[in-house]
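Biologist: Can we go through one helix together? I'd like to start with how its length is checked.
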Amino acid sequence: SKINILAVGESTTGGLWIEDKSYPLQLKKKLNDFYHCDCVNVNILALPGGNTSSTLYHYTSELLKVKPDIVLFMVGINDSYYYAYNFDSLLLESQFFKNKFIYKVTLAFVRLSNKIKLLRIAKLVYTNLALSKNIIEDVTYIYEGGDKTKRREVFAKANFNINQEITRTNIEKMLYITKKANITPILMTYHSGEINKIIKQVAKKDSILLIDNEKLFSEIIFNDYVMKQDDWHPNEKGYQLIAENVFKFLIKQKIIRPN
């Protein structure tokens with residue numbers, strides 16, 4: 001009697017600056033208007049500033065909690081722009097390559113501390129004492145944050161191919177988990193971004209349904225549909241366009257049926 005959808009992504013899915021106009025909420029309204037009832041729920045797993053590693057970390061528990069019929073994935077854009085965000089394990093491995101045990105313990109501690117606020121102070125103290133200064137300051141935000149973008153990008157570009165593989169693997173893992181649970185996964189391209197190449201490749205390789213938002217936005221005046229703040233995040237019209245594109249796709253594929 002109910003249709004349950006989970007939309008997975010980052011700030012683009014969450015609707016940065018205009019959360020109540022995000023594409024998942026506009027899609028929910030479209031579907032409920034279509035059925036003339038309050039019978040469609042669209043849940044949102046959006047991690048602003050997150051990457052595919054952090055999304056994968058939270059995904060399984062969210063899937064078990066929501067138990068959706070369909071999962072819409074628009075993930076990976078932050079992997080493209082902030083390459084080093086995926087490199088917590090890679091950085092630690094380079095620091096502790098001689099001692100696998102310390103590497104695993106440290107990695108577990110760093111990841112756990114990102115979940116538990118109380119441990120963040122302990123993490124800050126620990127990393128400053130245990131890790132070499134160039135790692136803390138030059139190549140990652142995961143230990144203490146701060147605007148180190150240029151230095152991160154130097155590290156990221158040197159490891160660009162590795163990072164692409166991490167992104168691809170993370171997306172494929174989420175798809176595998178979804179299919180294993182007998183839930184329909186649907187990949188979506190962003191309205192713009194290099195990550196769309198990987199998304200399309202994964203969709204083709206694994207025979208996953210694909211909604212191509214990039215193609216849609218290439219046919220309009222792009223700047224009319226994005227925020228003036230950064231000329232990238234969709235505005236209300238942009239999210240409306242994405243929601244309409246998803247809606248039409250679900251109807252066309254007969255995933256959503258009139259009756």
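Modeller: The expected span of a helix is 1.5 Å times one less than its number of residues. Keep in mind that this is a predicted model.

Biologist: What should helix 13 span, and how far apart are its end C-alpha atoms?
Modeller: Helix 13 covers residues 236-252, which is 17 residues, so it should span 24 Å. Its end C-alpha atoms are 24 Å apart, which agrees.

Biologist: What happens at the start of helix 13?
Modeller: A side-chain oxygen of Asn235 comes to within 3.1 Å of the backbone nitrogen of Lys237. Lys237 also lies over the face of Tyr225, 4.6 Å from the ring centre.

Biologist: And what follows helix 13?
Modeller: Lys254, which has a positive phi, near 60 degrees.

Biologist: Which residues of helix 13 are buried?
Modeller: Among them are Gly238, Tyr239, Ile242, Ala243 and Phe247. The buried residues pack against several elements, including helix 1 (11-14), helix 2 (23-35) and strand 4 (184-188).

Biologist: New topic. How many aromatic pairs are there in the whole structure?
Modeller: The search finds 6. Phe34 is in helix 2 and Phe247 in helix 13, so the pair ties together parts 213 residues apart in sequence.

Biologist: Is Phe247 buried or exposed?
Modeller: Phe247 counts as buried, because its relative accessibility is 14% and the cut-off for buried is under 20%. Phe34, at 28%, counts as partly exposed.

Biologist: Which residues form a cluster with Phe247?
Modeller: Phe34 and Tyr35 form one aromatic cluster with Phe247.

Notes: Residues numbered from 1 in each chain as written. Predicted model: local features only at pLDDT ≥ 70, side-chain atom pairs only at ≥ 80, totals over all residues. Heavy atoms only, no water. Helix = DSSP H or I, 4+ residues; strand = E, 2+ residues; numbered from the N terminus. Buried < 20%, exposed > 50% of the residue type's maximum accessible area, 1.4 Å probe, protein only. Contact = heavy atoms within 4.5 Å. Polar contact = N/O pair within 3.5 Å; in protein donor to acceptor, adjacent residues only side chain to side chain. Phe/Tyr/Trp six-rings, centres within 6.5 Å; stacked < 30°, edge-to-face > 60°. Lys NZ or Arg CZ within 6 Å of the ring centre and 35° of its normal.
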